[in-house]
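Biologist: Please take me closely through the backbone and the ligand site. Keep it brisk, and go residue by residue where you can.

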Amino acid sequence: MANPILQILSGETLSTPPIWFMRQAGRHLPEYLKVRETAKDFIDFCFSPDKAAEVTLQPIDRYDMDAAILFADILLIPIGLGRDVRFEKGVGPVLDPITPMEISKLTLQGAADRISPVYETVSKVRARLDQSKALIGFCGGPWTVATYMIEGKGSPTKETAKRFAYENPEAMADLLEALVKSSADYLIEQSKAGADVLKIFESWAEGLSPDLFDRLVLNPTRDIIDRIRAAGINKPIIGFPRGAGLNAIRYAHDTGITAIAAGTQMPLSDFRATLPDQMPVQGNLDPLALRIGGKVLRRAVDEVLREAQGGPHIFNLGHGVTPDVKIENVKAVVAHIRGGEPNYV
Ligand code: CP3
């Protein structure tokens, strides 16, 4: 049976692009909130395979998306490495900031095994998902995960993490190595459990000098992909170096990714011209246009479709769905790109 996401990722161009949205399973869906209420906290939720599988499938049932993305989080890897991670209401993730001295104490041995409920979620979802739909597994990019481990929370500038990289280059290399090894194992296990596609979320790739970008993002990503390929896994891998600017060109050519996800600010046609021939591109509807809806959204969808022409394209957002997004508008985008009558509100 045809699977449009896998067709695109093998280099085919389709007149109707397949579609899924980052954070498609989340707080904008009442059925998600209902399941969420039954979990002790967000991490417990991620480690409950029945619940996590159920919410992974919700956007497929409601919107007929072409891909399901595993319900989990990029910050489960630090847990596998022995760090404490909490999600606080209204704050987001909170970790104890790691010091250079603590890096040698990370529990690298068995890190991916300690978060094994995730693989059970993957196999439960794959068993229930139609063959025409792709299941996407993922991890965070080593740099993005490192920023949370070093800063202890989300930070607008990442200055503390960047200073750490400049001032403690050896400790930083050790931390990235631990993240590369554990993240590669994590993706390998997800693949073995039934993930069809793997994605690396490097959400904080912005604002890095080219030299730092290569050291913190490009080389570690290439190392993850080399490990996955050395394990005999040939599944497509999507890289998402969000906000990387022109550094994304080297990333596309030198990491071994199959396809690249573009953030909101990327002009897709110009971007495509810089990529390896026929590399599939994913993106990049402005999440704010999705929140606004109406004519603004209709025009923004048309613009992405126009910009993406001329090569393999997976329709997506430039970043994740926010809790205030209206269900009708997500439905309208799906209808629009499939040539139906969209009801934007
Ligand atoms: O995309 C999906 O639907 C799949 C599941 C998924 C989640 N997080 C679930 C989640 C994925 C792929 C992620 C990745 C992730 N997690 C990233 C990279 C992508 C990005 O958005 O840039 C990052 C940076 C994180 C770390 C993280 N997790 C933050 C900063 C937060 C808090 C922000 C918020 O919206 O509250 C989370 C929590 C989180 N991860 C939620 C979901 C659905 C919200 C939790 C809730 O239900 O309250």
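**From hairpin to ligand site**

Modeller: Strands S2 (residues 85-88) and S3 (residues 92-95) are paired antiparallel, with four bridges between them. Keep in mind that this is a predicted model. Across the pair, arginine 86 faces valine 94 of S3. In a regular strand, side chains alternate between the two faces of the sheet. Three residues separate the strands of the S2 and S3 hairpin. Glycine 90 in this hairpin has a positive phi near 80°.

The peptide bond running from glycine 283 to asparagine 284 is cis. Its omega is near -20°. Asparagine 284 belongs to strand S8, which covers residues 281-285.

Next comes arginine 23. Arginine 23 is not a glycine, yet its phi is positive, at about 55°. Look for arginine 23 in the loop that joins helix H1 (4-9) to helix H2 (30-37).

Arginine 23 also leads us to the ligand. A backbone N or O atom of arginine 23 sits 2.6 Å from a ligand oxygen atom. Two other residues use their side chains. Tyrosine 32 places a polar side-chain atom 2.5 Å from an oxygen atom of the ligand. In histidine 319, a side-chain N or O atom is 2.6 Å from a ligand oxygen atom. The ligand taken alone exposes 870 Å², and the protein buries 87% of that area.

Step back to the whole site. The ligand has 21 residues around it. Those that come nearest are Arg23, Arg27, Tyr32, Ser203 and His319. By type, the shell around the ligand holds 14 nonpolar residues, three polar ones and four charged ones. The space that the ligand takes up is the largest pocket.

Methods: Residues numbered from 1 in each chain as written. Predicted model: local features only at pLDDT ≥ 70, side-chain atom pairs only at ≥ 80, totals over all residues. Heavy atoms only, no water. Near = heavy atom within 4 Å. Polar contact = N/O pair within 3.5 Å; in protein donor to acceptor, adjacent residues only side chain to side chain. Areas by Shrake-Rupley, 256 points an atom, 1.4 Å probe, with all protein chains shown as cover. 1 Å grid on protein atoms, 1.4 Å probe; cavity = no way out; pocket = protein on both sides within 12 Å on 5 of 7 lines; lining within 4 Å. Sits in = over half its atoms within 2 Å of the grid points. Nonpolar A, V, L, I, M, F, W, Y, C, P; charged D, E, K, R; others polar. Pairing = 2+ DSSP bridges. Helix = DSSP H or I, 4+ residues; strand = E, 2+ residues; numbered from the N terminus.
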